[in-house]
Amino acid sequence: MISPRERISEIKRTLPEGVRLVAVSKYHPASMIQDAYNGGQRIFGESHVQELMQKQEVLPKDIEWHFIGHLQTNKVKYIAPFISLIHAVDSEHLLKEIDKQAKKCGRVIPVLMQVHVAKEETKFGFLSDELLAFMQSNAWQQYENVSIEGLMCMATNTDDEAQIASEFEQAHRLFEAIVKLPNCQNVKFRVCSWGMSDDYPIAVEHGSNMIRIGSLIFGERIY
Ligand SMILES: *Cc1c(COP(=O)(O)O)cnc(C)c1O
């Protein structure tokens, strides 16, 4: 079997300059994360709070942990002290709670706003127009302990590559529109987080500069 660290270097060889790789380690044991870490990987993504906390405790402290899944507001407090990036802010309510918990820790927490581009009803996130309006308003500026650094999205789970490409393109157009807003000139808005094991090559062609890869690195999830 090919080790996680070997998979990571294979993937990295194919990536254009400037695209960062989040190794999605959810449901995989700490030993596999350690292997990837030993090969130089530092960014890991998890989507369950409990699991993330257990791993964070036993693994090296210079790992950059990213929370990539749907985050419940009542769990923000557990990860606020150490999380490096929260990918999927899907409501102002969640943004407000992250701000509150970050303040308690004396931190500014970097976050991405999740935009809903997929056809599936189940995917979370703001609609493009909604998010553009939110960023245009100054509502977000009151949250001084969060730093809104970009967008995240998930494409429809389909074999139709044209469909996937058009969804990523929609997110990319929104990103370009937000970057140009007068009130976003002083913020570090620069991350486009899209692309997973099955669709990351398409994502990279359509503006992604941060891909989130799980099964391609760690294999099928074990539990
Ligand atoms: C699990 C997950 C991934 C990784 O998915 P793979 O198909 O295993 O690469 C990426 N993003 C999010 C939000 C996830 O929950």
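Pro4 makes contact with Met32, Asp35, Ala36, Ile217 and Phe218, leaving out residues up to four places away in sequence. This is a predicted model, so please read every contact described here as a feature of a prediction. Pro4 belongs to helix H1, which covers residues 4-14. With a relative accessible area of 5%, Pro4 is buried, because anything under 20% counts as buried. Tyr37 is 33 residues away from Pro4 along the chain, and the C-alpha atoms of the two are separated by 9.3 Å.

The axes of H1 and H2 come within 7 Å and cross at roughly 50°. H1 and H2 are therefore oblique to each other, and their crossing is right-handed. On the H1 side the contact is made by Pro4, Arg5 and Ile8, and on the H2 side by Met32, Asp35, Ala36 and Asn38.

Is Tyr27 buried, partly exposed or exposed? Tyr27 has a relative accessibility of 24%, so it counts as partly exposed.

## Gly45 in strand S2

Strand S2 spans residues 43-46, and Gly45 is part of it. Gly45 has a relative accessibility of 0% and so counts as buried. Setting aside residues up to four places away in sequence, Gly45 touches Val22, Ala23, Val24, Ser25, Lys26, His66 and Ile68.

Nonpolar side chains tend to be buried together in soluble globular proteins. In this model, the largest nonpolar core holds 64 residues, and Ile86, Leu95, Leu131 and Met135 are the ones that touch the most other members. Which helix gives the most to this core? Helix H7 (residues 161-179) does, with seven residues. Another core lies apart from it, made of 10 residues, among them Val22, Val24, Leu85 and Val191.

Beyond its neighbours within four places in sequence, Met135 is in contact with Trp140, Ile148, Ile178, Leu181, Asn183, Cys184 and Phe189.

## How H6 and H7 pack

Met135 also takes part in the meeting of two helices. Ser128, Leu131, Leu132 and Met135 in H6 meet Gln170, Leu174, Ala177 and Ile178 in H7. The axes of H6 (residues 128-136) and H7 come within 10 Å and cross at roughly 15°. H6 and H7 are therefore roughly parallel to each other, since angles under 35 degrees count that way. Their crossing, like that of H1 and H2, is right-handed.

Val179 is found in helix H7 as well. With a relative accessible area of 30%, Val179 is partly exposed. Apart from its neighbours within four places in sequence, Val179 is in contact with Gln185 and Phe189. Val179 and Phe189 are 10 residues apart in sequence, with 6.6 Å between their C-alpha atoms. Phe189 is also one of the contacts of Met135.

## Lys103 in helix H5

Next comes a residue in helix H5. This helix runs over residues 92-105 and includes Lys103. Lys103 is partly exposed, with a relative accessible area of 48%. Lys103 and Glu144 lie 41 residues apart in sequence and 8.4 Å apart in space, C-alpha to C-alpha.

## Ser208 in a loop

The last stop is the loop between helix H8 (200-205) and strand S8 (210-213), where you will find Ser208. Is Ser208 buried or exposed? Its relative accessible area is 4%, so Ser208 is buried.

What does the side chain of Ser208 reach? It reaches the backbone oxygen of Trp194, at 2.7 Å. Trp194 is also listed among the residues that Ser208 touches, together with Val19, Cys192 and Ala203, not counting residues up to four places away in sequence.

How values were computed: Residues numbered from 1 in each chain as written. Predicted model: local features only at pLDDT ≥ 70, side-chain atom pairs only at ≥ 80, totals over all residues. Heavy atoms only, no water. Helix = DSSP H or I, 4+ residues; strand = E, 2+ residues; numbered from the N terminus. Buried < 20%, exposed > 50% of the residue type's maximum accessible area, 1.4 Å probe, protein only. Polar contact = N/O pair within 3.5 Å; in protein donor to acceptor, adjacent residues only side chain to side chain. Contact = heavy atoms within 4.5 Å. Core = buried A, V, L, I, M, F, W, Y, C linked by side-chain atoms within 4.5 Å. Axes fitted to C-alpha atoms, helices over the stretch in contact; angles between N-to-C directions. Parallel < 35°, antiparallel > 145°, perpendicular 65-115°, else oblique. Left-handed = near helix turned anticlockwise from the far one by under 90°.
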